[in-house]
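Let's take a walk through a protein chain together.

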Amino acid sequence: MPIVQDRKKINNKTIVKIPDFEYGFIWEDPISGHRVGCLDVSKKEDVKKLMRDEKAILAIQDPPYNVDINDEFGNLPLNQYIGWSEKWVDNTIDILDKNSSFYVWLGADIRDGLQPLPDFIIMMRNKPVSIRNFITMRNQRGYGTQKNWMAIRQELLYYIKGEPIFDVRAEYTDIPKKTKGYYKKINGKITENFERSKSLTIRAGNVWHDIQQVFYLMHENIEGCFAQKPLKSAKRIIEASSNQRDLVVDFFGHSGSTLLQAELSKRKCYTMDINPAYCKIMVARLLHYRRTGEIGWGRTKILKEGNILADDEQLLGAPTLLDLI
Ligand SMILES: C[S@@+](CC[C@H](N)C(=O)[O-])C[C@H]1O[C@@H](n2cnc3c(N)ncnc32)[C@H](O)[C@@H]1O
């Protein structure tokens with residue numbers, strides 16, 4: 001079995017080895033067929049190297065938003081940021097199936113002319129995809145001053161190529177429908193909205209206020225990943241816009257939320273990050289989940305300024321009986 005390649009002995013205990021990444025290396029998952037590459041999405045040859053002529057049904061892209069949130073990303077002049085965005089957008093559209101969905105998370109900085117969202121949307125008008133929706137997710141933490149509305153929006157653009165799948169079942173939230181009294185005549189009979197309803201819970205629509213932003217008390221937290229998206233938002237997108245066994249891509253992988261959710265939702269995921277530490281964390285998170293059933297490391301310190309603080313044994317969690325096989 002190929003998984004044997006991923007095992008090594010440390011302190012006489014058999015553990016699954018997490019690969020170390022350097023630029024250009026691609027890890028292939030022997031179990032579910034996922035790929036994680038340390039690559040640059042703005043380079044066509046890197047995207048080709050990861051995809052090897054396969055086409056994806058769904059892309060979920062979450063680039064840096066051109067704000068100084070930490071030392072890793074500076075603020076580019078807007079036209080340079082849009083020029084860079086155009087490269088990764090073209091490289092993404094090239095590897096999408098003729099019927100596919102393309103989601104882009106982006107910010108609109110209230111302190112800086114709402115950049116980069118409006119310019120990005122205008123740039124996208126010339127691309128061979130059409131805008132299908134504009135979703136806003138409500139974050140719990142925000143920024144702003146006592147003299148302004150707190151900035152808690154997280155924008156999600158939804159583009160399509162051809163006629164992709166949309167499974168409306170993924171849209172239902174856990175929030176019960178409460179309001180009765182919307183009457184409508186159906187086949188001559190006055191009906192109330194609860195009678196007509198397909199579900200007892202409300203639809204998410206294009207304002208998602210039911211998703212908890214990741215923070216340190218949550219199991220799925222990866223302490224030190226500053227831009228981690230919740231698994232719940234990845235699940236909603238993946239299950240609405242792909243079928244089981246479809247290929248999903250995320251070329252700004254970071255904490256690996258798309259990769260892990262693809263595993264949970266039985267899809268295959270090809271992902272990359274330009275930073276070798278995040279590539280390793282993505283693979284470690286997947287292997288840790290397979291070994292322990294945990295979806296993150298909660299409060300454990302995992303990364304600081306892009307450097308991994310935990311060793312392989314800590315990342316993988318306690319060995320189980322499966323390790324004896
Ligand atoms: C906003 S984070 C993505 C967060 C991710 N959605 C998650 O849930 O964890 C952006 C990531 O893009 C990576 N990145 C930046 N430039 C890149 C490039 N040219 N190619 C690939 N990855 C890049 C960064 O290292 C960072 O980890």
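## A helix tucked inside

The buried residues of helix α6 are S257, T258, L259, L260, Q261, A262 and E263. This is a predicted model, by the way. That list covers seven of the eight residues in α6 (residues 257–264), so the helix is largely enclosed by the rest of the structure.

What sits over those buried residues? The cover includes the elements in this table.

| Element covering α6 | Residues |
|---|---|
| β4 | 35–38 |
| β5 | 56–61 |
| α5 | 231–241 |
| β14 | 247–250 |
| β15 | 268–273 |
| α7 | 276–292 |

Just after α6, have a look at K266: its phi is positive, at about 60 degrees.

## The nonpolar core

Now for the greasy part. The largest nonpolar core has 59 residues, and those with the most contacts inside it are A56, A59, Y103, V248, M282 and V283. Helix α7 gives the largest share of this core, with eight residues.

Which residues does M282 touch, if we leave aside its neighbours within four places in sequence? They are V36, G253, G256, L259, T271 and D273. One of them, L259, is also on the list of buried residues of α6.

## Around the ligand

There are 19 residues around the ligand, and D62, K229, F252, H254 and S255 come nearest. Sorted by class, this shell has nine nonpolar, six polar and four charged residues.

Is D53 buried or exposed? D53 has 6 of them, so it is exposed.

## The whole chain

Time to zoom out. The chain's secondary structure comes to eight helices and 17 strands. Of its 325 residues, 34% are buried. Take the contacts with a separation of 6 or more: 69% of them are between residues 24 or more positions apart.

How big is it all? Along the principal axes, the C-alpha atoms fill a box of roughly 75 × 50 × 45 Å. A compact globule with 325 residues would have a radius of gyration near 20 Å, and the chain's 21 Å agrees with that.

How values were computed. Residues are numbered from 1 along each chain as its sequence is written. This is a predicted model: local features need pLDDT of at least 70, side-chain atom pairs count only at pLDDT 80 or more; totals for chains, interfaces and linings use all residues. A residue is buried if 20 or more other C-beta atoms lie within 10 Å of its own, exposed if 12 or fewer, and partly exposed in between; C-beta atoms are placed from the backbone. Helices (H or I, at least four residues) and strands (E, at least two) are DSSP runs, numbered from the N terminus. Two residues are in contact if their C-beta atoms, placed from the backbone, lie within 7 Å. A residue is near a molecule or strand if its C-beta atom, placed from the backbone, lies within 6 Å of it. Ala, Val, Leu, Ile, Met, Phe, Trp, Tyr, Cys and Pro count as nonpolar, Asp, Glu, Lys and Arg as charged, and the others, Gly among them, as polar. The radius of gyration is taken over C-alpha atoms; the globule rule is 2.2 Å times the number of residues to the power 0.38. A nonpolar core is a set of buried Ala, Val, Leu, Ile, Met, Phe, Trp, Tyr and Cys residues joined through C-beta atoms within 7 Å.
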